Amino acid sequence: MMIKLDEAKLTAQQAMWVVFSRGKIVVQESSESIPVAHLTDIPFLASYVDDIHQLPPLNETAERDMPVFVVDLGAEHIDEPGWERVSLRQLLFAEHDIAFSVIGRAWQYIHFLRTHQFCGQCGAKAERVDWEMAMHCHRCQHRSYPRVSPCIIVSIHNNEKILLAKGVRHRESNMYSTLAGFVESGESLEQAVHREVFEEVGVKVKNLRYFNSQPWPFPHSLMVGFIAEYDDGEIRCQENEIDDAKWFDIDALPTIPPKVSIAGQLIAETVSLIGDK
């Protein structure tokens with residue numbers, strides 16, 4: 001849920017501010033961090049006091065941390081001296097410590113609110129629930145909650161090589177990464193790994209090992225990471241999905257994702273495993 005606050009409490013507290021304008025985040029010029037300030041330090045928010053909510057912490061330890069206030073300006077474009085809009089991806093990769101627990105989670109909540117203004121069951125106007133993160137329809141009593149879409153992401157190794165692929169979205173950046181895909185209805189995580197790997201690059205894998213998970217707010221995924229061994233098959237790239245895929249020596253890796261992402265962490269762990277052999 002997100003907690004709505006009164007103006008007196010807002011004005012008295014210094015906080016981290018996650019302010020969304022269209023699909024970007026408002027920060028101070030030349031800054032790669034969300035602002036830490038009082039409400040009075042951000043003049044353009046004076047007209048949005050009723051839209052400010054507090055993002056609750058994920059655990060008890062975080063209760064002692066600085067509060068996080070979230071504001072959605074919708075389609076409004078802020079033209080305020082000293083402030084600018086930056087992409088969500090840019091900020092996530094810069095703000096390593098709070099990226100996914102704060103910025104990513106805030107965006108998933110805002111995306112949910114933007115896309116659930118009307119009831120998906122009867123079409124009536126939905127209203128935000130005060131005590132939990134949900135939208136409620138008073139006509140048919142249907143209640144919606146933020147969606148979480150499970151995705152698998154897998155690093156594959158074969159002796160001293162690692163299989164990396166370049167998706168069609170990364171042609172210009174020439175970035176290679178691990179394979180990933182959504183889990184289908186009725187499918188286990190392990191089944192999804194085998195299916196996605198075979199669909200995208202035409203090979204079979206074995207000896208799957210769970211690695212870690214990471215929320216990924218584009219727009220509401222939960223990445224579940226695995227490390228697997230190559231079993232059989234020749235690389236065959238899926239048309240319209242994979243631009244290129246190769247086996248790489250760990251000492252000659254291409255451009256890869258940063259370690260703030262689970263893809264970068266998977267690659268680093270696989271390289272370490274290969275190096276220890």
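Select R89 and F218 to begin: the charged end of R89 sits over the ring of F218, 4.0 Å from the ring centre. A charge is taken to sit over a ring if NZ of Lys or CZ of Arg is within 6 Å of the ring centre and within 35 degrees of the ring normal. Select R236 and F198 next, where the charged end of R236 sits over the ring of F198, 5.7 Å from its centre.

The model on screen is predicted: local features need pLDDT of at least 70, side-chain atom pairs count only at pLDDT 80 or more, and totals for chains, interfaces and linings use all residues. Residues are numbered from 1 along each chain as its sequence is written, and side-chain values use heavy atoms, with hydrogens and water left out.

**Aromatic pairs**

A search of the whole structure finds 7 aromatic pairs. Rings of Phe, Tyr and Trp (its six-membered ring) pair if their centres lie within 6.5 Å; planes under 30 degrees apart count as stacked, over 60 as edge-to-face and the rest as tilted. Select W17 and F69: their ring centres are 4.9 Å apart and their planes stand at 70°, so this pair is edge-to-face. The pair links distant parts of the chain, with W17 in strand β2 and F69 in strand β6 (residues 68–72), 52 residues apart. Strands (E, at least two residues) and helices (H or I, at least four) are DSSP runs, numbered from the N terminus. W17 is buried at a relative accessible area of 0%, and F69 is likewise buried at 0%. Buried means under 20% relative accessible area, exposed over 50%, and partly exposed in between (1.4 Å probe, protein chains only).

Move to Y176 and F248, whose ring centres are 5.2 Å apart with planes at 75°, so this pair is also edge-to-face. Y176 lies in the loop between β12 and β13 and F248 in strand β16 (residues 242–249), so the pair ties together parts that are 72 residues apart in sequence. Y176 is buried, with a relative accessible area of 6%, and F248 is buried at 12%.

**Positive phi values**

Remain in the loop between β12 (161–167) and β13 (179–182) and select N174. Phi of N174 is near 60°, a positive value in a residue other than glycine. With 37% relative accessibility, N174 is partly exposed. Then select R22, in the loop between β2 (15–21) and β3 (24–28). R22 also has a positive phi near 60°, and its relative accessibility of 42% makes this residue partly exposed.

**Helix α5**

Display residues 262–276, the 15 residues of helix α5. Colour the buried residues of the helix: I262, A263, G264, L266, I267, T270 and I274. An α-helix has 3.6 residues a turn, so residues three or four places apart point the same way. The elements covering the buried residues of α5 include β11 (149–158), β12, β14 (204–216) and β15 (221–232), where contact means heavy atoms within 4.5 Å.

From A268, draw a distance to M133: the C-alpha atoms are 36 Å apart, and the residues are 135 apart in sequence. M133 is found in the loop between β8 (127–128) and β9 (135–136) and is buried, with a relative accessible area of 7%.

**Cysteines**

With a disulfide taken as a pair of cysteine sulfur atoms within 2.5 Å, the count comes to 0 disulfides. Select C140, which is in no disulfide; its nearest cysteine sulfur, that of C119, is 3.6 Å away. C140 is partly exposed at 27% relative accessible area. End at C237, partly exposed at 31%.

Technical notes. Expected span 1.5 Å × (residues − 1).
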